[in-house]
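Dear colleague,

I am passing on the structure we discussed. Please open it alongside this message.

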Amino acid sequence: MAVPSDLPTLPKLPTFPDLTEHHIETEQVVDGKFICLHTDRVRLPDGSESHREYVLHPGAVVIAAFVGNNADADTLVFEHQYRYPVGKHFLELPAGKIEEGEDQLVTAKRELLEETGYVSERWQHALTMHPTIGYANEHIELYIAKHVKFVGHQRDEGEFLEVFTMSLSDAVERVGRGEITDTKTAFSLLWLDRFRDRWS
């Protein structure tokens, strides 16, 4: 099939010009218990003005908690829970919001204990994710906890979830079949599977 001759020629490599949008003023639209909604007036790279509506989020952690004492253990702690905004049940890695002024690792340890009842003395920060860059400043920190042991959960009132274990290979297969669709969980599982040499 012939390629149309009027198509634009794209550069083989990006040139990375400065495309920064500069803040002019902010209006807070919603001040919620969990998130805040702002609309800003900004100056675009060509000097014109526009508006940006976005959510301020405190950030969160997600935990890959490995059960077992041998070096090649790949059994992970999972949660099964209902997510009201979507109206569906999800399979997820343990996760939670970073409280104001709280160290990220402290958040990870707290959430793992509260939600699942597991603790660990071996922790590693793996990566930072930005799941909603079009409309929020949320960042999610992936922590790896090794050789976790069960001591009993401390869930908040009104928090209902089922805790279970599954192998990393099984979980990755579920991602491929579209059974695990939570972004933070799917991305974390694929990263853990692809870059095992960076954490095992």
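The model is predicted, so local features need pLDDT of at least 70 and side-chain atom pairs count only at pLDDT 80 or more, while totals for chains, interfaces and linings use all residues. Residues are numbered from 1 along each chain as its sequence is written, and side-chain values use heavy atoms, with hydrogens and water left out.

Sheet

Helices and strands are DSSP runs numbered from the N terminus (helices H or I, at least four residues; strands E, at least two). An open sheet of 3 strands has the order β1-β2-β3 with antiparallel pairing; two strands pair if DSSP finds at least two bridges between them. Because β1 (22-31) and β3 (49-56) stand at the edges with a single partner strand each, one side of each has no neighbour in the sheet. On average, neighbouring strands are turned by 20 degrees against each other, direction ignored (axes are lines fitted to C-alpha atoms, for helices over the stretch in contact; angles run from 0 to 180 degrees between N-to-C directions). Strand β2 (residues 36-43) runs antiparallel to β3 and is joined to it by 8 bridges. C36 has L56 in β3 as its bridge partner.

Largest pocket

A pocket is an open set of points on a 1 Å grid over the protein atoms alone, where a 1.4 Å probe fits, with protein on both sides within 12 Å along at least five of seven lines; lining residues have an atom within 4 Å of a point. The largest pocket holds about 1,200 Å³ of space, the volume being that filled by probe spheres set on the points, which are joined across faces, edges and corners. Its lining has 35 residues, and F34, R83, E92, E138 and K184 lie nearest the centre. β5 gives the most to this lining, with 4 residues.

Single residues

Relative accessible area is classed as buried under 20%, exposed over 50% and partly exposed in between (1.4 Å probe, protein chains only). A186, in helix α3, is buried at 12%. A186 touches V175 and I180, not counting residues up to four places away in sequence (contact means heavy atoms within 4.5 Å).

Most residues other than glycine have a negative phi. F16 has a positive phi, near 55 degrees; F16 lies in the segment before β1 and is exposed at 68%. H147 also has a positive phi, near 55 degrees; H147 sits in strand β10 (residues 140-150) and is partly exposed at 28%.

Regards
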